[in-house]
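I opened a new notebook page for this structure. Below are my entries, in the order I looked things up.

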Amino acid sequence: MNVAPAVPRPQAPREELESVTVRFAGDSGDGMQLTGSQFTLATALAGNDLATFPDFPAEIRAPAGTTYGVSAFQVNFGAREIRTSGDAPDVLVAMNPAALKVNLDDMCTGGLIFVDTGAFTKRNLQKATFDDNPLEDSSLAKFRIMPIDMSAQTLGAVKPYGLSNKEALRCKNMWALGLVYWLYDRDIRPSADWLRQKFAARPELADANIAAMKAGHAFGETAEMPGEISAYTVPPAKIEPGEYRAVTGTEALAWGLVVGAHLADLKLVFCSYPITPASAVLHTLANLRQHGVVTFQAEDEIAAVGAAIGASFAGSIGVTSSSGPGIALKGEAIGLAIATELPLVVINSQRAGPSTGMPTKTEQSDLYQAVYGRNGDSPMSVMAARSPGDCFEVAVEAVRLSTKHMTPVMLLSDGYIANAAEPWRIPDVTGLRRFDRMFHKEIEGFHPFIRHPETLARPWAPPGVPGLEHRIGGLERDYDSGDVSYDPANHQRMTDVRAAKVELIGRDIPPQNVELGSDSGRLAIVGWGSTFGSINRAVENLIDAGLEVAHIHLRHIWPLPPNLHTLLDSYDKVLVPEMNSGQLRTVLRAEYLVPAHGLNKVTGQPFRISEIEEAARRLLED
């Protein structure tokens, strides 16, 4: 099919918007993640603040055209500070009927939907379980539907490049990207440069994709677009000056571990076994060997954590990473690290469970596992990152606490944080304070379990130093000599000292602050992890509406900040939104007898701002 030459039309002034949410959705093979990533790059270069939400199926290849195989990428961007990936999309690009079916309920009324009519065949409609073509009845009346045969437009645009029909159709995501670039006045050149680099070995593919992108952009500029579809502009956000880059939670985590190891003057040894969504940490660190990083892909989860513990025993900082099912397998060995009192950082990128659950969907349901999930009385420090950029600071802090207190630290991330991206101001790491060296060197009077008076940490004496020989293991040992011991009183003493060690970490963490609102009042909304953005924006909206609400967000889950009990008691009510069935709420009730209320969601999707606002208003009205 030939495409008619573009005929310029009089351009109406672009409408200025403060923020917008766009979602690209299609089949897993339609390149939606790549399309969203390129739009994110262009948006960041335009100076907007932004947050993204890649959402894709776990199946390697679900049947094409079915609802099981729909992949989506959402980006919320604006001229104001952006704290979430957005509630309801303002614009949806649906590359087939299944993508429309899956994402329709999330759209806001009046939202703009671009659909590729070339994919709306009878067979694809059946695969998407549509009884009738929704483009031909009134079922989409509350939206602004823009039907375009993107497939035909793309085939026409790339015809000069001699591609096969299959290769040519793969360019239609770039056609759609070009159209959305026009809609929000984005520069297509960075994406064109990226395509030339990506397809350097096959320049005809680069040229075809660029041609498709330009054709989509030109479609918006010409009379072929209906007059009721106007274009928009989103001014740059007011962001603190500095050098920024886009960062995912996984990348920030990896860099934080590297910086933490450097601050401790230690080699970083990362040992893991592939699992979604944690695998990307290994992928990132494997490319950082020039920074003294050693990566090891083990034969299974147990071998991975065992190797990390061995690395710590040998004088490196051992780190292991996994998701819920893998952390369950590591449980016994984490107990070994607690028993041997060695540093170990355990990263848990949470996903929907139980068992293998929904591997690519996010959840916060491993908090019980992190705080309580080991045999015996085996407490360990637990921390949680709140955003992609925050992963950097939390990773640095996890290394500090683990090496200073000679104990494992679990760092909770989740699928949302791991995959999402946001602008990140690159920190000046030269200004970070170095950690105290923990290695014990004094031979005279050495004892492997002499304890530091402030932390109760035992000395860290790597093997190979004459005079510092000692043995450690998982069997209970005598408090003084380190020899294996079954003495009842000694076991009580050792159990007590292991608990006291972790409790003392509470003196080494900052007091809990209030993120937003006053430090007393009618309602405190307490969160942890990736719910930060939704809670923070909801609380801001509620305060603007004159309601007495505050936001408290926990970084340290165990031990809890020492002032938290007093802080929570200063509010009439406490609401705890979590992507689980109420795990932090249970901990707060157990520790403080606080009558906390829960707002719980286990759909595999992050909280919407509106959900938290509505729950807070209901609680205030009771």
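Entry 1: The model is a predicted one, where local features need pLDDT of at least 70, side-chain atom pairs count only at pLDDT 80 or more, and totals for chains, interfaces and linings use all residues. Residues are numbered from 1 along each chain as its sequence is written, and side-chain values use heavy atoms, with hydrogens and water left out.

Strand S2 (residues 19-27) pairs with S4 in the antiparallel sense, over 9 bridges. Strand S3 (residues 49-55) also pairs with S4 in the antiparallel sense, over 7 bridges. There, the partner of Asp 49 in S4 is Gly 78. For my own record, two strands pair if DSSP finds at least two bridges between them. Helices (H or I, at least four residues) and strands (E, at least two) are DSSP runs, numbered from the N terminus.

Is S4 mostly covered or uncovered? It is mostly covered, with 9 of its 9 residues buried. Buried means under 20% relative accessible area, exposed over 50%, and partly exposed in between (1.4 Å probe, protein chains only). In a regular strand the side chains alternate between the two faces of the sheet. I checked this strand: Val 70, Ala 72, Gln 74, Asn 76 and Gly 78 point one way from S4, while Ser 71, Phe 73, Val 75 and Phe 77 point the other way.

**Entry 2: rings.** How many aromatic pairs does the structure hold? I noted 12. Rings of Phe, Tyr and Trp (its six-membered ring) pair if their centres lie within 6.5 Å; planes under 30 degrees apart count as stacked, over 60 as edge-to-face and the rest as tilted.

Phe 39 and Tyr 184 make an edge-to-face pair, 6.5 Å centre to centre with 65° between the planes. Phe 39 lies in helix H1 (residues 32-45) and Tyr 184 in the loop between helix H6 (172-183) and helix H7 (189-198), so this pair ties together parts that are 145 residues apart in sequence. Phe 39 is buried, at a relative accessible area of 0%, and Tyr 184 is buried too, at 2%.

Phe 77 and Tyr 184 also pair edge-to-face, at 5.4 Å centre to centre and 85° between the planes. Phe 77 sits in strand S4 (residues 70-78) and Tyr 184 in the loop between H6 and H7, so here the parts tied together are 107 residues apart in sequence. I then found one aromatic cluster, formed by Phe 24, Phe 39, Phe 77, Tyr 181, Tyr 184 and Tyr 232.

**Entry 3: another sheet.** I looked at 4 strands that form an open sheet in the order S18-S17-S20-S21, with parallel pairing. Strand S18 (549-554) and strand S21 (597-600) are the edge strands, each pairing on one side only. Strand S20 (residues 571-578) pairs with S21 over 4 bridges, and Val 576 stands opposite Gly 598 in S21.

**Entry 4: a helix.** H17 has 13 residues. The buried residues of H17 pack against S17, S18, S20 and helix H20 (609-621), where contact means heavy atoms within 4.5 Å. Among the buried residues of H17 I listed Phe 532, Ile 535, Val 539 and Leu 542. After H17 comes Gly 546, whose phi is positive, near 90°.

Definitions and conventions: The expected span of a helix is 1.5 Å times one less than its number of residues.
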